[in-house]
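This report goes through a few features of the structure shown below. It starts with strand pairing and moves on to domains and the chain contact.

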Amino acid sequence: MAFWTGTRSTGSWKAWYRTLNEKVLTRHFGVEGLHRIDIYLKYGGYGAAEKALKKMTPSEVLEEVKKANLRGRGGAGFPAGVKWGFVPQNIPKPRYLCVNADEGEPGTFKDRYLMSHNPHLLLEGAIIASYAVGIHSAFIYIRGEYEAIALRLEEAIGEALGKGYLGEKILGTEFGLNVVVHRGAGAYICGEETALLESLEGKRGHPRLKPPFPASVGLFGCPTVINNVETLSNIPFIIQNGAEWFIRQGLPKDGGTRIFGVSGQVSKPGIYELPLGTRLRSIIFDHAGGMKDGKKLKAVIPGGMSAPILTADEIDLPMDFDSLVGAGSMLGSAAIIVIDEETSILDVLEAVAKFYSHESCGQCTPCRIGTSWINKIVRRLAAGQGEPGDIDTIVRLASNIKGKTLCPLGDAAALPILSICQKFRSELERYIPHA
Amino acid sequence: MPKIFIDGQAIEVEAGWTVLKAAEAAGVHIPHLCYHPAFAPEGSCRMCLVEIEGLPKLELACSTTVKDGLKVNTQSPKVVEARKAVLEFLLAEHPLDCPICDQAGECKLQDYFEEYGLFRSQFKETKEKREKKLRLGRNLILDRERCILCTRCVRFLNEITKTKDAGVLNRGLRSEIGIFESELIDNNYSGNLAQICPVGAITDLDFRFKTRVWLLESRESICGLCSRGCNITIDSHPGHPRIPRVRRVYRIRARENPDVNSYWICDYGRYGYASLDENREDQLVWRKDGRLTRLSWDRVVQILGQKVKSLTFHRRTDRIGIVLNSNLTNEELFLADRIFRKGLGLHKFWLADPPQEKGDGWLLTPERTANRRGLQEIGWPLPAAEPRELLGLDLLLIFGPYLASGPGLADLKSVLDKVETKALFTSHVSGLDGLVDFIIPVPVIAEKGGSLTNVDGRVQTFAPALGFEGEGLPEWRALLDLARELRVDSKYFWPMDTPRAVFLALQREIPFFRR
């Protein structure tokens, strides 16, 4: 494959066909009963875990993951191997792994598919990660609404325990790991890693001040690795096929594929596993079947609701972390929300403003009061009681939230609101009487 | 030691210090609301954001630790804007009921708006309606509209009293401080919550709507209600032409002293201020044949001096008795020792103190007097006063009203009736008043100067925080006057006319006080 060095651009059928064969995480999704351990084993499951535990040292595993340039799939895109490397090894405290399965970002629905179709893949990734960092207890923090998936995960853990892939002396080695599934109670903020830790400890889901970072002081004050479901699900493939193979699936700085969750007014909404660097236009028009009912595209939110919005003219860009940052947005959780011309941008703004004011945890001032203040103005605009200067106020408030809050939720609220107000200002102003 | 720069000013700081602490040491105030030096930084108010060279975002001064060569800017346009923004957010949902708020005048939000805000409100929306007077504890009322959710109260209850009675309920804008439904905050330190609240959200039922803080005069003093010697500030009303003064002291606040009471005082001390104004002895009187006569101290000291002189002349020193108490200052106890024991050679001394009560295991001690340790160190192992031991005396000098608080007041009456002359130095009215010949009003600790030795042996000096308005005089002056009248060691006592001078002599003579 010669095109791994560049970004993928063609919107041709050929390219689409190629990507079909490049599926990694979702390759066996069509297999009936994949969530059962015997089927999973039939398709080569736990092979990577066996390879790691029996043939590699923890530091070799860590090096391989570092080399693969696997960037976190939760949203921030921090290199997973580097994160593991931060965990101090010479302290007497236990270390923990937390799997972030909170998946609260609006528009995001990739982890639920991964966990419900292939829970053992996540467990295998968790085993390898734990082996690399020296962890013996892992927690899967899953959002409360995913009840059936939580049950399925627990079933999978039971199966793995029965077959000796979890518990003490995994595969006859000295390494042991326990996995506990913990269900959240329905707060977006608990997807933020430190709020997740607080919640897991049984406290109120409030983000912690950083530093210290969870890698040194995390769950119960112990070093903790927190990884997204998709991130961990990639680990077995890196171990099985090597870092170089993994990089070839994506880009040199962004290894692997990405599961894009496409929603909104497209013909075929759903998840699409594609190489990192696939063009946004291609995802919408080639893979997701184009716009629903042939309507015109108005805007796209490319990385979950907290990503700044892109207009219809801005979608010719490769979907990878750096390209999207360059375009003033972010890849985030790779959840693509497609908005057509018939959707009022005020409705979009209202949805965004309402969501963040509802989900702000209330701990720090700019986010607590800023998001709700913006929400109140937007509600007034939607009720037809807008006043001249309201949009300026929204922009000013959002800028005052940006970069000044305790956790990333403030930025997550401010950035989309700012981008909507800037890029669709004239449309918004039409909702203000006598403006 | 790391060297850092605050607004260009180089300063050497200790490793591990936060930027806020370092700035404070350099004399630069960084505004903050949620930060309190007694707790771990919370970082939620976002008021203390500063610019640190080389970092893209503004950083929290309260939680960023210093590193060598750190360049902090607390005045850059970005910082000024951020402060304004935080104030704008806080004030948007603030009720702005300063005219009826007890915190007005000492409110951090008010002060910071004056200093860093001064903008016109852009808030056109409806403010949230919340509970205005929620009973939180014995003396605490919470106004949820004024609350800025700094969580100092929650952290105080979690980290200091460890009672964990309060928490934040709900989420986002609906967040509010709450307690368990059935249980009020009830511990001996709850009064501190009203003091650490940076705004008027938690107010003291005892202080609510009583006065305005700018009418009060704040003076430093030492709490004398137990032997801990907590450092306090007494807020009193200096009088105002239009406000008739019903009482002087409106509240007592904790004053920081890391070696004694940190930032806190107990409720026993905080709410015990009524005793400063109530039941006070005001008039110097001579009770003779059932009639009260007003007279001056000069006359009293002559009469008492005469009595002592005639008894010592006839070598009947065993007919003179002295009852002391351990609320007297080091200086007074020392003077009593020098004059009565060493100077006159008396040997009938007793102690009458309020009875011991239960301590709370932290600041409040079982002894409810201020200077028990000082008494010990000056060398007074005194027996408790028993009424029948007072039999056969001709002259009895009683310091303090506590003899009356012991058992057997009836016994005491029959005994005291047989003592020819009895003088009582007391700050408060008590059952003893009717049993003695002379009543000499004396100031309480808050009204006099001197020093006290606390339970840990720490000697703390203090100046009068309140004026003494009775007709009498402080005990140390009374003792010096007596010494002069009796011409005891005149050269020794002659130069002494302040507690400080007495303390210097005390230091010279007793090694303990030289530490």
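In chain B, strand S18 (residues 395-399) and strand S19 (residues 421-426) pair in the parallel sense over five bridges. Two strands count as paired if DSSP finds at least two bridges between them; strands (E, at least two residues) and helices (H or I, at least four) are DSSP runs, numbered from the N terminus. Ile398(B) has Leu424(B) in S19(B) as its bridge partner.

The model is predicted: local features need pLDDT of at least 70 and side-chain atom pairs count only at pLDDT 80 or more, while totals for chains, interfaces and linings use all residues. Residues are numbered from 1 along each chain as its sequence is written, and chains are lettered from A and ligands numbered from 1 in the order in which they are written.

An open sheet of seven strands in chain B has the order S15-S14-S20-S19-S18-S16-S17, with mixed pairing. Its edge strands, S15 (291-294) and S17 (349-351) of chain B, each pair on one side only. On average, neighbouring strands of this sheet are turned by 15° against each other, direction ignored; axes are lines fitted to C-alpha atoms, for helices over the stretch in contact, and angles run from 0 to 180 degrees between N-to-C directions.

Thr312(B) is placed in helix H8 (residues 297-313) of chain B. Thr312(B) counts as partly exposed because it has 17 C-beta neighbours inside 10 Å; with C-beta atoms placed from the backbone, 20 or more others within 10 Å make a residue buried, 12 or fewer exposed, and values in between partly exposed. Leaving out residues up to four places away in sequence, Thr312(B) touches Thr317(B) and Leu344(B), where contact requires C-beta atoms, placed from the backbone, within 7 Å.

Chain B is divided into three domains, with bounds from an automatic or database domain assignment.

| Domain of chain B | Residues |
|---|---|
| domain 1 | 3-92 |
| domain 2 | 128-276 |
| domain 3 | 285-514 |

The C-alpha centres of domain 1 and domain 2 of chain B lie 27 Å apart. Their contact takes nine residues from domain 1 of chain B and 11 residues from domain 2 of chain B.

The contact between the chains takes 24 residues from chain A and 24 residues from chain B. On the chain A side, H15(A) gives the largest share, 10 residues.

Key. Contact = placed C-beta atoms within 7 Å.
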